[in-house]
Amino acid sequence: MNFTLSDEQELLRSGLTKFLATRYDLEKSRAAAKSGPGWQPEIWRGFARELGILAATLPEDAGGLGGGPVEAMVITEALGYALVIEPYIDTVVVAGGLLQRAGGARARAVLEAIADGTAVVALALTEPDAGDDLAALSTTAERDGDDWVVTGSKVVVLSAPLATHLLIAARAPDGVSLLLTEFDAAAPPAGVTVHPYRTIDDRRGADLEFAGLRLPGDALLGEAEASLLRARDEGAAAVVSEAVGGMRKVLDDTVEYCKQRQQFGQPIGSFQVLQHRMVDMYMELEQAVAAAYLAVLNLDAEPEQRARAVSAAKATAGRAARFIGQNAVQLHGGMGMTEELAIGHYFKRLTAMQYEFGTTAAHLSRYAQLAAP
C-alpha cells in the first residue's frame, strides 16, 4: 500500500511545520493556558487566514478546500509535534464533520465561520452516568410550542469555555439528535450552568447543566446517532495522529538529551542499555504510525470495518504513548516532570490522549468484539 503524500499534502505539512516552529512558543502557550484566556486567539486566526488549515478539510460549498482524512492526519500530527492546545480536533474534525453531515443553512453558516476562524464549536456528548454511550443518553429535548426545551447534564465538554457554539446531543422524539446553539461560557444563556476548569494537559473543559434551556425550532439538526458514532471514530483517529506527532517530538528530544548528558565522563547515550531503551521507544512509535495510517485509510469504510481499524489504532497508540512518555521522563531523570522542561508537558498530553474518545482498554475490548468470528 502506498503511504506517500501528494505534493499538495507535503506543502501543507511543510507550511504548517514552519509556521509552528517560528510562531508557536511553548512557554507563551502554557502561560495563556494557565493564567490567560486558555488559548491564543491570534494563533487561531493565523491558522485560518495565513495557513487555511481550518478550511482544509471542510466542504467547498461552505468555504472549505474539500480535503479529507489524510489532510486531517497531516495537520493533527504537526499540531501534536508542537503541542498545540488550540481546539482543532474539537472544532474542525469532530464538530465540522457533524455539521457537514447534518446539512442545512444553519450548519453551513457555522461551517463557514469555522473556516474563517470566527467560530469555535464544542460537542456536549458525555454524561455523568452514561459516558458517551448513546444508548444510555439521558439528556432530553422536548417540544414546547415552536421551541425545544433541553434538560440534562454533560461532563468533560472539551473546549466549551472557548466555544462560540455548542452541539448538544440529546434524546428527541425521533431518537438521538443534535441541537446547535450559540454559546458564551462567560455569559451562558438562561437554563445553562457552566463549571469550567483546566485539564491536566492545559486544555479547557467544562461540565454543563441544562435546566430548561430553551432553543428555537430550527436548532434541531435532526437524528444523528450514526453521525455521532462516526464523529467519535474520526476524533479518535485524529487524536492518534496527534499522539504520533507528540511521541515523535518526545523521542527526538530524548535522543538529543542522551547525546548531551554526561555520566562517568561520557554521554549517557553511549550506554548500550539506554540505546536499547530508545530503540524500543522508536519501535513503539513506528507501530503507532502504521496504526494511524490504518485508521485514516478506513474512515470512509463500512461502519464495522472503520470501527475495527480505529480501535486497533487507538489501542496501539495508547500503549505506545504510555511507554514512550514514561521512558522519556525516566531517561531525563527528575527534570522530566518539571514545568520548566517541555518533556513534562508532552508527557501530560500523551497521558490525557489515552482517555480521549474512548480509553485504551475500551478500544481494545471493542476491537476484540469486532474481530471475533
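Does Asp233 count as buried or exposed, and at what relative accessibility? At 1% relative accessibility, Asp233 counts as buried, where buried means under 20% relative accessible area, exposed over 50%, and partly exposed in between, with a 1.4 Å probe and protein chains only.

## Basis of the values

This is a predicted model, in which local features need pLDDT of at least 70 and side-chain atom pairs count only at pLDDT 80 or more, while totals for chains, interfaces and linings use all residues. Residues are numbered from 1 along each chain as its sequence is written, and side-chain values use heavy atoms, with hydrogens and water left out.

## Helix 1

Helices (H or I, at least four residues) and strands (E, at least two) are DSSP runs numbered from the N terminus. Helix 1 covers residues 7-23, and its 17 residues should span 24 Å at 1.5 Å a residue; the end C-alpha atoms are 24 Å apart, which agrees. The expected span is 1.5 Å times one less than the number of residues.

Gln9, Leu12, Leu16, Phe19 and Leu20 are the buried residues in helix 1. They cover an arc of only 100° around the axis, which puts them on the same side of helix 1; the arc is that of the directions from the helix axis to the C-beta atoms. The face turned away from this buried side carries the exposed residues Asp7, Leu11, Lys18, Ala21 and Thr22. The buried residues of helix 1 pack against helix 3 (41-51) and helix 4 (69-81), contact being defined as heavy atoms within 4.5 Å.

In helix 3, the residues Ile43, Trp44, Gly46, Phe47 and Ala48 are buried. The packing partners of the buried residues of helix 3 are helix 1, helix 4, helix 5 (88-102) and helix 6 (105-115). Gly52 follows helix 3 and has a positive phi, near 75°.

Tyr24 sits in the loop between helix 1 and helix 2 (26-35) and counts as buried at 8% relative accessibility. Neighbours within four places in sequence aside, Tyr24 is in contact with residues including Phe19, Ile43, Leu83 and Ile85.

## Salt bridges

Side chains of opposite charge can pair when their charged atoms come close. The structure holds 25 salt bridges, each a side-chain nitrogen of Lys or Arg within 4 Å of a carboxyl oxygen of Asp or Glu. One of them joins Arg349 and Asp201, with the closest N and O atoms 2.6 Å apart. Arg349 lies in helix 10 (residues 342-353) and Asp201 in the loop between strand 6 (192-198) and strand 7 (204-215), so the pair ties together parts that are 148 residues apart in sequence. Both Arg349 and Asp201 are buried.

Glu356 also meets Arg349 in a salt bridge, at 2.7 Å from N to O. Glu356 counts as buried at 15% relative accessibility, and Arg349 counts as buried at 2%. Salt bridges that share partners join Asp201, Arg203, Glu242, Arg349 and Glu356 into one network.

Asp233 forms a salt bridge with Arg366, the closest N and O atoms being 2.8 Å apart. This pair links distant parts of the chain, with Asp233 in helix 7 (residues 225-260) and Arg366 in helix 11 (residues 360-371), 133 residues apart. Arg366 counts as partly exposed, at 23% relative accessibility.
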